[in-house]
Amino acid sequence: MTKKEQRLRRARQTRIRIALQGVNRLTVFRSNSHIFANVISGDGSKVLASASTLEAGVRKALSGSGKGGNVAAAALVGKSIAEKAKAAGVDKVAFDRAGYAYHGRIKALAEAAREAGLQF
């Protein structure tokens, strides 16, 4: 089994548990250069809010470093997704880390979202 297959297997198990709860979920995708976050409705049919390092506001805030694949960028995305989710009327979510380890950029995004008022 490749590393990608192992990560996707872990992600499937987490998504099954979250689906049984029927709550909105905060999903994360991490690439080498960027990080993306979406808040998806409980039934999985609709994206309620999204944020990434490709957005103009985040890119402008990162203008000093210019990198979207670091912890500082993940923290900005976490803050942004929390603000957008609260604007969409979402206060509580389940954190779907998509099989990634809760470490580094994933942890920074989650902690920034919590500090901005999103409850996991």
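Reader: In which helix does Ala74 lie?

Author: Ala74 lies in helix α3. Helices here are DSSP runs of H or I with at least four residues, strands are runs of E with at least two, and both are numbered from the N terminus. This is a predicted model, in which local features need pLDDT of at least 70, side-chain atom pairs count only at pLDDT 80 or more, and totals for chains, interfaces and linings use all residues. Residues are numbered from 1 along each chain as its sequence is written, and side-chain values use heavy atoms, with hydrogens and water left out.

Reader: Is Ala74 buried or exposed?

Author: Start with the cut-offs. Buried means under 20% relative accessible area, exposed means over 50%, and partly exposed lies in between (1.4 Å probe, protein chains only). Ala74 has a relative accessible area of 0%, so Ala74 is buried.

Reader: What does Ala74 touch?

Author: Contact means heavy atoms within 4.5 Å. Leaving out residues up to four places away in sequence, Ala74 touches Ile35, Arg105, Ala108 and Leu109. Ala37 is 37 residues from Ala74 along the chain, and their C-alpha atoms are separated by 9.4 Å.

Reader: Which other residues of α3 are buried, and what covers them?

Author: Besides Ala74, the buried residues of α3 are Ala73, Val77, Gly78, Ser80, Ile81, Ala82 and Ala85. Their cover includes the strands β1, β2 (35-40) and β3 (47-52), and the helices α2 (56-61) and α4.

Reader: How do I check the span of α3?

Author: The expected span is 1.5 Å times one less than the number of residues. With 17 residues, α3 should span 24 Å; its end C-alpha atoms are 24 Å apart, so the two agree.

Reader: And what span does α1 have?

Author: α1 has 19 residues and reaches 28 Å from its first C-alpha to its last, close to the 27 Å expected. Its buried residues are Arg7, Ala11, Thr14 and Ile18. Seen down the helix axis, they fall within an arc of 70 degrees, so they line one face of α1. That arc is taken from the directions from the helix axis to the C-beta atoms. On the other side of α1, Arg12, Ile16, Arg17, Ala19 and Leu20 are exposed. The cover over the buried residues includes β1 (25-30) and β4.

Reader: How should I read a positive phi?

Author: Most residues other than glycine have a negative phi. Gly89 follows α3, with a positive phi near 90 degrees. Ala98 is not glycine, yet its phi is positive, near 60 degrees.

Reader: Where are Ala98 and Gly89 placed?

Author: Ala98 is in the loop between β4 (94-96) and α4 (105-115). At 3% relative accessibility, Ala98 counts as buried. Gly89 is in the loop between α3 (71-87) and β4. Gly89 is exposed, with a relative accessible area of 59%.

Reader: Which residues line the largest pocket?

Author: A pocket is an open set of points on a 1 Å grid over the protein atoms alone, where a 1.4 Å probe fits, with protein on both sides within 12 Å along at least five of seven lines; lining residues have an atom within 4 Å of a point. Here the lining is Lys3, Lys4, Gln6, Arg7, Arg10, Arg30, Gly99, Tyr100, Ala101 and His103. Helix α1 (residues 3-21) gives the largest share, five residues.
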